[in-house]
Amino acid sequence: MKNTVELLSHWGDDEMIVNVARVSYGKEASNYSEEQNAKLLKYLWEHGHTSPFRHPHLQFRIKCPIFVERQLFKHTIGISTNSISGRYVDFSDEYYMVPKGEWRKQSKSSKQGSDGLCDAQNTPDLIQRQVIEQCKAAYAALLEFGVSKEQARMVLPLSLMTEFIWTGSLQAFLHMYALRSKPDTQKETRDVVLEMMSQLENIEGNPFEHTLKMIKP
């Protein structure tokens, strides 16, 4: 099962951010050239004056494995979340599978990171599939015995796919992007964040054109 990212809704644009910033002087974006407004956006972000970026909002629907969700949910300021619940829904049949040939070895310089590909590939594939099948069978058996879903789900692994809707300020998501797009971020998590940014860049009319140019490396 692959990650899926969908930009459900967006509100605001570069002009909104500029208007919020310029209200301190009783001015609006229309009083200045596009170049001047773009320079203001850059100045605000680079000097940590980020409150104007909190006014535009975005909403995403994301489907990813639980271990990725846990990393993303470390970002809570300015973001609201509602997730599918294993207490009520049986979603035990969808799992993230490491693509063939993409098992990574542990980095010697970081307890959390990975570095390069693992020499063995077939054996990890087999182990992963065996564990998932065993967990699925255990979950189904517990339900057959009459155990509640909220308890039966405890036997399911972190590769279980989950789904949630994420709503928050543009500033919150840009901050998350700055941290989670770095090379030392776990690849599976970075892939989700990069896809979120890609969808933001491809909004029709590109309402955040200058802001995104400013924060992209």
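Reply: Start with strands β3 and β6 (residues 161-169), which run antiparallel and are joined by 5 bridges. Strands are DSSP runs of E with at least two residues, helices are runs of H or I with at least four, and both are numbered from the N terminus. Two strands count as paired if DSSP finds at least two bridges between them. Within this pair, T81 stands opposite W166 of β6.

The model is predicted, so local features need pLDDT of at least 70 and side-chain atom pairs count only at pLDDT 80 or more, while totals for chains, interfaces and linings use all residues. Residues are numbered from 1 along each chain as its sequence is written, and side-chain values use heavy atoms, with hydrogens and water left out.

The pair belongs to an open sheet of 4 strands, in the order β1-β2-β6-β3, with antiparallel pairing. At its edges lie β1 (4-11) and β3 (79-83), each pairing on one side only. On average, neighbouring strands are turned by 15 degrees against each other, direction ignored. Angles run from 0 to 180 degrees between N-to-C directions, and axes are lines fitted to C-alpha atoms, for helices over the stretch in contact.

Two helices pack on this sheet. Helix α6 (residues 170-180) touches β2 (57-65), β3 and β6, and its direction makes about 125 degrees with that of β6. Contact here means heavy atoms within 4.5 Å. Helix α7 (residues 187-201) touches β1, β2 and β6, and its direction makes about 40 degrees with that of β1.
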